Amino acid sequence: TRSLIITSGDQSMFEKAQGEKVTLPCTFELSEEDEGPLDIEWVLIPADNQKKEQIIIMYAVDRIYNHYYAAMTGRMQFTNLDPRSGDGSLDILNLKAADTGTYQCKVKKAPGVQSKKIQLTVLVKPARTKCSIEGSQEIGKDVTLKCASQEGSPLLSYDWRRVSGTQELPATSMLNKNTGELLLKNASREYSGTYSCVASNRVGTDECSVELNVTPPVNTAGIIAGAIIGTLLGLSVLCFLIFCFCKKHREKKYEKEVHHDIREDVPPPKSRSSTARSYIGSNRSSLGSMSPSNMEGYTKTPYSQVPSEDFERAPGQNPTFAPSKVAAPNLSRMGAVPVMIPAQSKDGSIV
């Protein structure tokens with residue numbers, strides 16, 4: 001006797017890009033002997049054999065049940081809204097990398113039972129591809145152009161092309177399609193231009209570009225000499241400023257010390273009044289000790305030359321003293337012993 005069979009063909013592997021839609025086929029034919037209720041199940045078989053199979057959608061008793069697998073809720077459905085027509089295919093929308101796995105379609109209608117496994121691989125297109133230049137862009141140097149995609153399922157392949165000038169890669173270039181590196185040996189001015197890199201895998205491509213500008217070598221000796229001269233000039237200016245600062249600081253310190261010495265070491269000057277009194281007092285004391293042996297010097301000195309307190313007056317108010325009218329000081333008032341002062345006569349004798 002003939003039982004139901006699955007007629008969806010021999011294709012058992014599908015590769016799709018992330019974000020796309022895939023239809024997993026599962027068509028079947030029933031036999032006259034299959035009289036039981038029709039059941040259709042789609043099961044996700046995990047890569048780890050230790051885990052159990054997960055029902056993701058099911059048709060039974062004329063109803064569709066699609067709440068078993070939360071990761072695909074709202075993203076899966078039967079291709080035919082009435083699977084009894086012999087089409088139990090499954091549509092998965094907005095594919096994600098996590099949807100990669102083995103799916104199995106089971107069709108039951110007693111006594112017939114059939115199943116089919118399909119391998120689904122969700123690939124990520126290359127994305128966020130960036131180009132860069134490594135090495136010195138000088139004539140005669142080796143320059144490496146790099147290309148790398150931050151997203152994309154393996155295996156990624158990279159290809160470089162020149163989009164300016166001759167639009168051909170230099171003869172000395174070496175390309176590594178797996179790493180995306182393009183080595184340009186012994187670069188010359190003719191190598192300058194725009195280069196483009198295309199990253200690709202089985203589901204898509206992405207592109208980036210970079211501008212190469214090969215220039216003459218830089219005068220390194222001149223730069224070093226200029227840097228040394230500039231450094232020396234800077235140090236000279238710094239030393240000059242430090243010298244000026246120290247000199248100014250020493251001058252200020254010296255002025256402070258001199259001012260302090262004057263105030264601390266030199267006594268204040270005495271007044272004229274006290275000077276006059278000191279002078280008179282010293283003369284009074286000397287008068288008391290006069291003897292005939294030293295009287296000669298004192299007799300020649302008139303009393304008018306002895307300073308008095310009147311010197312403290314203004315110059316216009318000082319009285320004029322006549323030598324002939326000067327009176328002898330009152331020694332009794334001064335507390336001194338009267339002394340007889342001898343006088344000299346015209347013939348030179350002492351009287």
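How many helices and strands does the protein chain have? The protein chain has four helices and 18 strands, where helices (H or I, at least four residues) and strands (E, at least two) are DSSP runs numbered from the N terminus. This is a predicted model, in which local features need pLDDT of at least 70 and side-chain atom pairs count only at pLDDT 80 or more, while totals for chains, interfaces and linings use all residues. Residues are numbered from 1 along each chain as its sequence is written, and side-chain values use heavy atoms, with hydrogens and water left out.

Confidence is given by pLDDT, the predictor's confidence in each residue on a scale from 0 to 100; the protein chain averages 79, and 71% of the residues score at least 70. Over residues 297-329 the pLDDT is below 50, and beyond near neighbours in sequence this stretch has 32 contacts in the model, a contact meaning heavy atoms within 4.5 Å. Residues 331-339 also have a pLDDT below 50, with eight contacts beyond near neighbours in sequence.

Of the 351 residues of the protein chain, 27% count as buried, that is, under 20% relative accessible area with a 1.4 Å probe, protein chains only. Among contacts with a separation of 6 or more, residues 24 or more positions apart account for 57%.

Leu-184 counts as buried because its relative accessible area is 0%. Not counting residues up to four places away in sequence, Leu-184 touches several residues, including Val-143, Pro-170, Tyr-191 and Leu-212. Leu-145 is also among them; Leu-184 and Leu-145 are 39 residues apart in sequence and 7.9 Å apart in space, C-alpha to C-alpha.

Technical notes: Buried means under 20% relative accessible area, exposed over 50%, partly exposed in between (1.4 Å probe, protein chains only).
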